[in-house]
Amino acid sequence: MDISGKNFIGYSLSSENKHTFKSYVPAQNIELPEEFHTATQEEVSRTMKLAKDAFNEYSRVPASKRADFLIAITEEILAVGDELLERAHLETGLPLARLQGERARTINQLTQFAELIREGSWVEASVDTAIPDRLPAPKSDLRKMLIPIGPVIVFGSSNFPFAYSVAGVDTGPALAAGNPVVIKAHAAHPGVSDLTAQAIVKAAQRTGMPDGVFSMLYDDGYEVGAALVKHPASKAVGFTGSIKGGMALYKMAQERDEPISVFAEMGSVNPIVILPEYLENNTQELAKTLAGSVTLGAGQFCTNPGLVFVIKSESLHAFEASYKNEILKVAPATMLTAGIKKNFYKLRDELVAETGVSELAFSNIASDAENQSQASVASVSGKDFIANPKIHEEVFGPFSLLVVCESYEELLSAVSQLRGQLTASLMAEAQETLKYPALVQTLSQICGRFIMNGVPTGVEVCPSMHHGGPFPSSTDARFTSVGRHSILRFVRPQSYQDWDDSLLPDELKNANPLGIFRLVNNETTKRKI
Ligand code: NAP
């Protein structure tokens, strides 16, 4: 499949702008030949008008047809074949095996949404039938369900070219719910974005979706993204990336005449707290597991464990020695972009230079490839950690800071300083957990996913996964960006009062023609009324 390099405005390709950019192979520091046309403001307007018009039609497409569309997307993505994986490998430097797994995850995500909307109960239909003879006043017939909101703007992340990008965790639920999607393609993987967009457009045409149900625009700067967020036809934003980027878009969205929600997942340091008995009983395995988690995917995960808290104990020395050995064994890996690599070393070096921080291990294995990161861990006392908020923040890459506390009280005080996190892990024996309820409560209050005796890397796609957390890990802790409940970001409830049964949506009709679960007069049931 040829890469178009053009903006996808619904079913049309457009390249009005003379300004183009090229994609880049981070492992070799070279450019690829294809040129990608940055969208003009006129192209942004055309895209949003089309998306707005498409919403009128797409929001009324039956769920079974929308599900067919999602499944067609999975088929078209797979039909692109190895070319898609190879392009992703070139543009991101991520290993092919990892990318194969990520593509499978993306297919799985889309399939789960197809199944969810085919079943249909996700709309949370509820019916309260009328009581005309109620005194002192009659009660109306009220029925409620979730409905789509309108065009959703999606900013994919650099570190997941499939699962959090063009056909990823925002696109799947937004389309499933009945909203058109407009993508701002990530400038770090425009070629893989182009191939994925072609697959989505083919799927949309094959399943008879309205023109404008999907669009994708390019930019190697911020103008197009900003224009999309500010456009009056945009109704919500899905974003995965940096705190700086997420908050810039959040502010723009709040300053609009009609403010809209920005669901930004902005990563975190994912603290791990290891209590002494657990450390003593698992010293070697812990060192190995932690080193593996810190360096997985060159540390370029929002769930990377950036802070590890321990209390001084006899086992600590042995743990530090094993941890150091494990880190020194880790081979260098290509980072996603030259900018991310530069930022990694800058932030790491600045952090290691802070008062009281000392380097524990810095793997320095030679490599011929470009933009390599070497794994590294440092350590600091609990006292110095508490005194210096600068070292509480994320260093995106294979780095983690060990915070060594004098006592349980110091550890609790250090952990209490942390801001909102996607995850927190407690590594403790059962009796230790019972002994420290304040620690359990403190960690619970700052995280979206609370892990017992495990590392945070690895995000299962299932209904019970919550991938989001208190600010700044995400802009709205009530919502997940992974799993079926992520669809709730792109819908709103609507009540119908005293409507004739024949005019109601199928989900709310007396006969319950879709056979979905509903809350009827406070009872969850599939029965007819
Ligand atoms: P990013 O810089 O936040 O960019 C994400 C997307 O948002 C890109 O499409 C980018 O445009 C756009 N964008 C960023 N700032 C913007 C602004 N002010 N106005 C309009 N659009 C804006 O994230 P990234 O490129 O993926 O990685 C950079 C850093 O983000 C990493 O070093 C890391 O700290 C963090 N990160 C976090 C996660 C996470 O899981 N939360 C994932 C990846 C990265 P361009 O394409 O033109 O740059």
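Predicted model: local features only at pLDDT ≥ 70, side-chain atom pairs only at ≥ 80, totals over all residues.

Which residues line the second largest cavity? They are Phe263, Ala264, Glu265, His467, Gly468, Ser474, Asp476, Phe479, Thr480, Ser481 and Arg489. Sorted by class, that lining comes to three nonpolar, five polar and three charged residues.

Now the largest cavity, whose volume is about 100 Å³. Its lining consists of 16 residues, and those closest to the centre are Val269, Gly306, Glu394, Val395 and Phe399. In this lining, nine residues are nonpolar, five are polar and two are charged. With a cut-off of 30 Å³ or more, the count of cavities is four.

The protein chain is divided into two parts in the assignment: domain 1 covers 7-29 + 62-266 + 479-489, and domain 2 covers 272-452. Between their C-alpha centres there is a distance of 33 Å. How many residues does each domain bring to the contact? Domain 1 gives 16 residues and domain 2 gives 15 residues.

For domain 1 and domain 2, the buried area is about 1200 Å², and 59% of it is on carbon and sulfur atoms. On the domain 1 side, Pro26, Ala27 and Asn159 together supply 32% of the area buried against domain 2, more than any other three residues there.

What about specific contacts? Between domain 1 and domain 2 there are zero salt bridges. The side of domain 1 that touches domain 2 is made of seven nonpolar, six polar and three charged residues.

That is all I have on this one. I am happy to go back to any part of it.

Key
Residues numbered from 1 in each chain as written. Heavy atoms only, no water. 1 Å grid on protein atoms, 1.4 Å probe; cavity = no way out; pocket = protein on both sides within 12 Å on 5 of 7 lines; lining within 4 Å. Points joined across faces, edges and corners; volume = space filled by probe spheres on them. Nonpolar A, V, L, I, M, F, W, Y, C, P; charged D, E, K, R; others polar. Domains from an automatic or database assignment. Contact = heavy atoms within 4.5 Å. Buried area = accessible area lost by both parts, 1.4 Å probe. Salt bridge = Lys/Arg side-chain N within 4 Å of Asp/Glu carboxyl O.
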